[in-house]
Amino acid sequence: MSRCVRLYSGTDGQSHVEELEWPVGEKRPVRLVHIEESPPGSALDWHVAPCEQYVVTLLGMLEFTTRDGETFILAPGDVLLADDTTGSGHRWRLIDASPWRRMYVEFVRS
């Protein structure tokens, strides 16, 4: 079964990770949905999420790391709730030979 992992900004200014229960039945206004792909071997250094969004991994396996050393791996079917829009941020790197194909679901800013 796929997972739902939240990456969020804590009161300490650091990005943190927690696994969530699936928000079954939750409805939220969506601003934009788009699909992107990064080639095998890609990585992105320290950054914060540009907005609160779901990032659904369609292909590829990658490792995320926060500045305080929390790490987790996303695999196809896993959903990231990227909610660390401020603070120290996170980075990611692909850890298999596949590209990272993902679908972004950007929420309406409240």
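Mentor: We will take the sheet, then the aromatic side chains, the charged pairs and the surface.

Mentor: Keep in mind that this is a predicted model.

Trainee: Fine. What is the strand order in the open sheet?

Mentor: The open sheet has six strands in the order β2-β1-β8-β5-β10-β3, and the pairing is mixed.

Trainee: Which strands stand at the edges?

Mentor: The edges are β2, residues 15-19, and β3, residues 30-38. Each has a single partner strand, so one side of each has no neighbour in the sheet.

Trainee: And how many degrees does the twist average from one strand to the next?

Mentor: It averages 20°.

Trainee: Stay with β3. In which sense do β3 and β10 pair, and over how many bridges?

Mentor: β3 and β10, residues 100-107, are antiparallel and share eight bridges. As an example, Val-30 has Phe-107 in β10 as its bridge partner.

Trainee: Phe-107 is aromatic. How many aromatic pairs are there?

Mentor: The count is four aromatic pairs. In one of them, Tyr-54 and Phe-107 have ring centres 5.0 Å apart and planes at 75°. Planes over 60 degrees apart count as edge-to-face, so this pair is edge-to-face.

Trainee: Where do Tyr-54 and Phe-107 lie?

Mentor: Tyr-54 is in strand β5 and Phe-107 is in strand β10, so the pair ties together parts of the chain that are 53 residues apart in sequence.

Trainee: Buried or exposed, that Tyr-54?

Mentor: Tyr-54 counts as buried, at 16% relative accessibility. Phe-107 is buried too, at 4%. The cut-off for buried is under 20%.

Trainee: What about the rings of Phe-64 and Trp-100?

Mentor: Their centres are 6.3 Å apart with the planes at 85°, so Phe-64 and Trp-100 also make an edge-to-face pair. Phe-64 sits in strand β6 and Trp-100 in strand β10, so this pair joins parts 36 residues apart in sequence. Both Phe-64 and Trp-100 are buried.

Trainee: Which residues form one aromatic cluster?

Mentor: The cluster is made of Phe-64, Phe-72, Trp-92 and Trp-100.

Trainee: Changing topic. How many salt bridges are there?

Mentor: There are 10 salt bridges by count. As background, side chains of opposite charge can pair when their charged atoms come close.

Trainee: Take Arg-3. Which residue does it form a salt bridge with?

Mentor: Arg-3 forms a salt bridge with Glu-19, and their closest N and O atoms are 3.2 Å apart. Arg-3 is in the segment before β1, while Glu-19 is in strand β2, so the pair ties together parts 16 residues apart in sequence.

Trainee: Which residues are linked with them in a network?

Mentor: The network of salt bridges links Arg-3, Glu-19 and Asp-78. Arg-3 is partly exposed, with a relative accessible area of 25%. Glu-19 counts as exposed, at 56%.

Trainee: β2 again, then. What do the side chains of Glu-18 and Arg-6 do?

Mentor: Glu-18 and Arg-6 meet in a salt bridge, at 2.9 Å from N to O. Glu-18 lies in strand β2 and Arg-6 in strand β1, so parts 12 residues apart in sequence are tied together. Glu-18 is partly exposed at 29% relative accessible area, and Arg-6 is partly exposed at 22%.

Trainee: Buried or exposed, Glu-106?

Mentor: Glu-106 is buried, with a relative accessible area of 8%.

Trainee: Now the surface. Which residues make the nonpolar patch?

Mentor: Met-61, Ile-73 and Ile-95 make a nonpolar surface patch of about 210 Å². Met-61 lies in the loop between β5, residues 53-59, and β6, residues 62-66. Met-61 is partly exposed, with a relative accessible area of 32%.

Trainee: Last one. Where is Val-17 found?

Mentor: Val-17 is in strand β2, and it is partly exposed at 22% relative accessible area. Val-17 and Asp-83 are 66 residues apart along the chain, and their C-alpha atoms are separated by 10.0 Å.

How values were computed. Residues numbered from 1 in each chain as written. Predicted model: local features only at pLDDT ≥ 70, side-chain atom pairs only at ≥ 80, totals over all residues. Heavy atoms only, no water. Pairing = 2+ DSSP bridges. Helix = DSSP H or I, 4+ residues; strand = E, 2+ residues; numbered from the N terminus. Axes fitted to C-alpha atoms, helices over the stretch in contact; angles between N-to-C directions. Patch = residues over 30% accessible without salt bridge, like charges linked within 9 Å, V, L, I, M, F, W, Y side chains within 5 Å. Areas by Shrake-Rupley, 256 points an atom, 1.4 Å probe, with all protein chains shown as cover. Salt bridge = Lys/Arg side-chain N within 4 Å of Asp/Glu carboxyl O. Buried < 20%, exposed > 50% of the residue type's maximum accessible area, 1.4 Å probe, protein only. Phe/Tyr/Trp six-rings, centres within 6.5 Å; stacked < 30°, edge-to-face > 60°.
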